[in-house]
Amino acid sequence: MSKKKVAKFGLTAAAAVTTVVAANPAGAAAASSVEQAVVQASTNAKALTQFYGNTDLTVSAEFTAAFNSAKKSIANAKAQVAAFSGKEKAYYEATLAQATELQTYAARYIDAVNILSGELADATEALQADVEAGEITAEVVENYNTLSAAIKKAERTIGKVRGEAVREAFQEGFLLDAKLARESVIYEVSQFNLLTQINADIAAGNTANVEADLAKLDRLKERAVEIKEAGKALYPDRTDVYPALPAIETQLRTTETATVVAYEETLAPAVKSVSAINATQVVVTFTQAVDSTDADLVGNYAINGVNPSGVDVAEDKKSATLTFGSASNVEVKNGAVVVEPIKTDADDLVLTTRYAGLLTYEDKVKADVASITSKTNEANASSVEIKFTEPVASGAVIKIDGKVAGATTAGSKTVINSGITLDSTKEHTLEVVNLTDGGGNVNSLVTKSFSVVKDTTAPSVSKVEASGDNHILVTFDKEVTLASVQSKVSVKDEVLGAVSTGTITVVTDGATTSDTQFLIPVNTSLYGTTDTRTLNVVLDKEILDTLGNKSVAVTKQVTLSKDKVAPVLTSVAPKINSDGETTAIAVNFSEGVAQLSGGFDETKIRVVAPDGTDVTSGFFKSTQPAVAAGAKKATVELTTATKLKGVYTFYVAAEAVTDQAQTPNKSVAYTGTIDFGSGDNAEFEILPSAITSTNNKSNNIAINFGTPVKGGSVAGSATDVNNYTLGGKALPAGTVITLNTAKTVATIDLPDTESISATDTAIFTVAGVQNVDGVTITPVTKALAVVDNTKAVLESARVLDNKTIELTFNEDVAALSADSVGTEFKIYQGTTAVTLADAELKANSVSGFANKVRITVDQGTDSTGTPASTFATATNLTAAGTNTAGGNMSVTGTFNGAANETLTVEKTATGYSVDGGTSDVTLSGTTFTYKGLTIETSAVTSPATGDTWTLSLTAAVAPTSATTLDLTKDLFVETLVPATGVDVLDLASNTQTGDLKISVSK
């Protein structure tokens, strides 16, 4: 209700009250009491506006008192109005409704203050304390969820508060900090929850989604960084928001590492993926860490039979980067990739399964500069190291600050260390001209800015610790040279007497002349009457880092404790070949043992067969493979590979091995058993070379199992199509599998048509087949060449113009150039077929779209026609040269004859005839007509019989049009396959599928 209407209503009510007083004093008294109550309620409610309209966001005692007073007076007035029956009741009710609305505004303000300063503030404070504690737990997640719920509740409450400025004040004063507190840890909590779920799934054996969840975890890690960077940019003046969370990050990454390990323990050792990263490099990823030595062998990998030129095994041993000599080795279509079985890092008796797969790759990404490093400890640097995003060709010109500094060398890194002087106080510009990668992609100009890193900080020792009881591990804070460490480091005893040491060596794999860690072997006998020694490692001054910065002299103490724990033989395990024969026994130790150059002493092992007989004699070879220092396993080879049955007991005598302690500890006696089972532990394996294909449209496949296999309708049958896949799919319907008489070779006869959809390389897999002894074959795969024997299928058609239709097939088709295809397609206009001869429908390929064909109607020709001879003005006929007459005849008009002709007019004795006619033409005066023409003879003088006049005449020819399609009608194309003269073929020369009728879109 508007204020004007309320005021007017009030005046009217006041007049009514006066009338009541005059007419009925008792009723007037009652009305006055109610009015006073209403006025009081309205006054008290209006007094609340000063409180809920401000932005101090507090509820004072005065506010509380005013609210309670308004609430009470409104309730009192409502009670009186309810009992009042006068005609002013509607006015009183409207006034109280307005007062109640003001009271509601105040109540919402109070609720907002209470919720935001209470529930929301408490939840915010609790989560902030959790973040400061540096650990995420289930309780922290609960606090996070509590804050999220409080934020939602606060947002709803604030939305009900009166006044935009007041709502904004609540947002700024309370809600913003709560949201910032939540966002500071939002993705960390998400990671914690996801890791918890992943571990629960692993524990329950539900690992199907783990890979996808770990990928999701990676995205959450990225977002955790992104939101902090964006937040700090948004609030540059606040140092309390989006803090770095190093402790929580460490906790999450530790959990992630353990989670990945737990997951990988559920996986069989195998190749996880093979992917090209550029034109000459391929990354092979494994499900488990592999033995770096075995994985480093180039012969274990091949693409189309070509081995890489080099292998780089990752530090975590879970992937290997293969570098090939040519882009042609990697840029392939369905290249056959083979990764041979590789030893696992955990157990060299356990190998990854053989991998056979396909690789398709085309390198379209140009090489770029990945990093530029130039360091010095002086005013100028004299070298720069440039790393590229991939291996590059040699010869690309390198400029620094506009001057030629050198050229790229083949590979991923180029170092320029002569002829340059780089000011360490200035920024420099690197240019590489025509940077070319292995795939021939050329980056015409790469420009990067870089600065010289001036490092004048001397290297220092960060840690000195024991490594075993006779080695000392020294760690520096930066890379230092091996030569300077070897010449500047010595060891002294407690009274500073010299301690003899061996050659100091680097620790990091791949390090040669410099490192951050070094191992010092102690030769002096340390332990006589004591089990601990405190030695002094003396590091003289001038140990050099790679820039030549010199360390200061320092002495560090280290305590070495005598190793008195003997190595323990923990288990024995068999090594079984593909024929199920045991070839060796692996003996595992609790710690690295001393070198056994002559191998494990087989005479230390006594072997007892399942029946209790001693079979030690001749069981093992007399010469065994060497055991390297620090190895935790020894291989003891059998004299003859043998299929063993039952439980064998191996008694290993004491002192079979010693550890690497200064006073070597000798192993104690050990008894272990191996259960070889019933002897049915033979493996049934075949090589991929045992699988061959015909490489023609019959696509027959032969598998030579090398031993009789089961056939027929039994489990493990070699004639069961379910034991094979081709291209990851079941064999096509209609496949027939037969065995030879010896049951050693299976022939798979795929249907000769409609079984292979593309000429390509496909992975063929054999699994589940059993030999006649019931041993199931080890799954084997091979990349086979298969030939397309499936007809092309017309999928769609569309009109291009009134003569041309574009057809789209489900595969590429052979090139067509104005080929006649009238017998291979029929075009319908509505229900009526367009009659076309073979040559009257032409087909052409569509450039850039190998699966498209354009068919064009080529029936009839377009002609503008020929006009008839027309003589708009009098035109003379041609008089014969023998005429005696003078003058000439003339003609006007348009010839309407049906054919071309030559008109001849001849003088007769009685007049004129036309074209040798036997009667004269009829003259009208001096003119006559002929086929639309008027011939005038008046100009002829003294004609003689036989005089002639001629005129060549052209008959009109109507214009003509070639056959076109009626685009007002529905069009259809039907495919036909004639017995001969087929032009429409796929790339494997299969015809199209006939009798398909496709609607033509417009």
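The model is predicted. Its largest pocket has a volume of about 710 Å³, and the second largest pocket holds about 520 Å³. The sheet is open and has four strands.

**Largest pocket**

- The lining of the largest pocket consists of 21 residues, and those closest to the centre are Pro 341, Thr 352, Arg 354, Glu 685 and Thr 778.
- By residue class, this lining of the largest pocket has eleven nonpolar, five polar and five charged members.
- Two strands, β27 (569-576) and β40 (780-786), each contribute at least two residues to the lining of the largest pocket.
- The biggest contribution to the lining of the largest pocket is the three residues from β27.

**Second largest pocket**

- Around the second largest pocket there are 18 lining residues, with Thr 373, Lys 375, Ser 383, Thr 546 and Leu 547 nearest its centre.
- Strands β9 (375-376), β11 (384-392) and β20 (471-481) each give two or more residues to the lining of the second largest pocket.
- Four nonpolar, seven polar and seven charged residues make up the lining of the second largest pocket.

**Four-stranded sheet**

- The strand order is β19-β20-β24-β23, with antiparallel pairing.
- At the edges are β19 (461-466) and β23 (505-506), each of which pairs on one side only.
- The antiparallel strands β19 and β20 are joined by five bridges.
- Val 464 has Val 474 in β20 as its bridge partner.

Note on methods:
Residues are numbered from 1 along each chain as its sequence is written. This is a predicted model: local features need pLDDT of at least 70, side-chain atom pairs count only at pLDDT 80 or more; totals for chains, interfaces and linings use all residues. Side-chain values use heavy atoms; hydrogens and water are left out. On a 1 Å grid over the protein atoms alone, a cavity is a set of points where a 1.4 Å probe fits but cannot get out, and a pocket is an open set with protein on both sides within 12 Å along at least five of seven lines; lining residues have an atom within 4 Å of a point. Grid points are joined across faces, edges and corners, and a volume is the space filled by probe spheres set on the points. Ala, Val, Leu, Ile, Met, Phe, Trp, Tyr, Cys and Pro count as nonpolar, Asp, Glu, Lys and Arg as charged, and the others, Gly among them, as polar. Two strands pair if DSSP finds at least two bridges between them.
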